[in-house]
Amino acid sequence: MTLMLVINVVSLISIKEKSTEEILEDVDIKYILRCILRLSPTEVEIYYLLQNKAKEPMTVAEIAKEMNKSRSTIERSLVKLVQLGLIARRPVLAKNGGYTYVYYTKPIDYVKQKLLQLINAYYEKSKQLIENLTSAALIESLNSIAVEEGSDNNSN
């Protein structure tokens, strides 16, 4: 019993509040893409593939093969990336007739401007929410998160 008390006291002593610098250590471009744009790891990976590895635009089949993922997963991710304006697509003639789409990243300056606009809007919205924060509003928000998580757990 005394040993458990000592362990708990030591654990509490080693717990400290993180500084702003410590919190920001993990912020990188992948974090920004995931947090601000709500990209999944697959969507970040597709963007990285098209931006850094692809020498020319790629089809859904080529991306799926390169990433070892299903076409449907890649197609869903590409739709989101196109809607967000990070990538674009254009039709090309297929070998067997008809056409298929190829995907490519938009120019980096365009993407940077889009990200800066989103970061500024995110900052303003967050600042407004925090300035208007009351204990009641915080409790209500935490309760709604608990209800959402509870319904997610019940649906599994």
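**Reading the helices and their contacts**

Modeller: Helices (H or I, at least four residues) and strands (E, at least two) are DSSP runs, numbered from the N terminus. This is a predicted model, in which local features need pLDDT of at least 70 and side-chain atom pairs count only at pLDDT 80 or more, while totals for chains, interfaces and linings use all residues. Residues are numbered from 1 along each chain as its sequence is written, and side-chain values use heavy atoms, with hydrogens and water left out.

Biologist: How many helices and strands does the protein chain have, and in what order do the elements run?

Modeller: The chain has eight helices and two strands. Read from the N terminus, the order is α-α-α-α-α-α-β-β-α-α.

Biologist: Is Lys 112 buried or exposed, or does it fall in between?

Modeller: Buried means under 20% relative accessible area, exposed means over 50%, and partly exposed is the range in between, with a 1.4 Å probe and protein chains only. Lys 112 counts as partly exposed because its relative accessibility is 47%. Over the 156 residues of the protein chain, 19% count as buried.

Biologist: Which residue forms a salt bridge with Lys 112?

Modeller: A salt bridge is a side-chain nitrogen of Lys or Arg within 4 Å of a carboxyl oxygen of Asp or Glu. Lys 112 pairs with Asp 109, at 4.0 Å from N to O. The two residues are about one helical turn apart, because three residues separate their positions in helix α7 (residues 108–131). Asp 109 counts as exposed, as its relative accessibility is 53%.

Biologist: How many salt bridges does the rule give?

Modeller: The count comes to three. Another joins Glu 75 to Arg 71, with the closest N and O atoms 3.8 Å apart. Both residues lie in helix α6, four residues apart, about one turn of the helix. Glu 75 is partly exposed at 36%, and Arg 71 is partly exposed at 47%.

Biologist: How far apart are the closest N and O atoms of Lys 80 and Glu 43?

Modeller: They are 3.4 Å apart, and the pair forms a salt bridge. This pair links distant parts of the chain, with Lys 80 in helix α6 (residues 71–84) and Glu 43 in helix α4 (residues 41–53), 37 residues apart. Lys 80 is partly exposed at 24% relative accessibility, whereas Glu 43 is buried at 8%.

Biologist: At what angle do α4 and α6 pack?

Modeller: Axes are lines fitted to C-alpha atoms, for helices over the stretch in contact, and angles run from 0 to 180 degrees between N-to-C directions. Angles under 35 degrees count as roughly parallel, over 145 as roughly antiparallel, 65 to 115 as roughly perpendicular, and the rest as oblique. The axes of α4 and α6 are 10 Å apart, at an angle of about 75°. The two helices are therefore roughly perpendicular.

Biologist: Which residues of α4 and α6 meet?

Modeller: Contact means heavy atoms within 4.5 Å. Thr 42, Glu 43, Ile 46, Tyr 47 and Leu 50 in α4 meet Thr 73, Ile 74, Ser 77, Leu 78, Lys 80 and Leu 81 in α6. As classes, Ala, Val, Leu, Ile, Met, Phe, Trp, Tyr, Cys and Pro count as nonpolar, Asp, Glu, Lys and Arg as charged, and the others, Gly among them, as polar. The contact of α4 with α6 has six nonpolar, three polar and two charged residues. Within it, Ser 77 is buried, with a relative accessible area of 5%. Leaving aside residues up to four places away in sequence, Ser 77 touches Thr 42, Glu 43 and Ile 46.

Biologist: How do the axes of α3 and α7 cross?

Modeller: The axes of α3 (residues 29–36) and α7 come within 11 Å and cross at roughly 60°, and the helices are therefore oblique to each other. The residues of this contact divide into nine nonpolar, no polar and no charged. From α3 come Ile 29, Ile 32, Leu 33, Cys 35 and Ile 36, which meet Leu 115, Leu 118, Ile 119 and Tyr 122 in α7.

Biologist: What share of the contacts with a separation of 6 or more joins residues 24 or more positions apart?

Modeller: Such residues account for 51% of those contacts in the protein chain.
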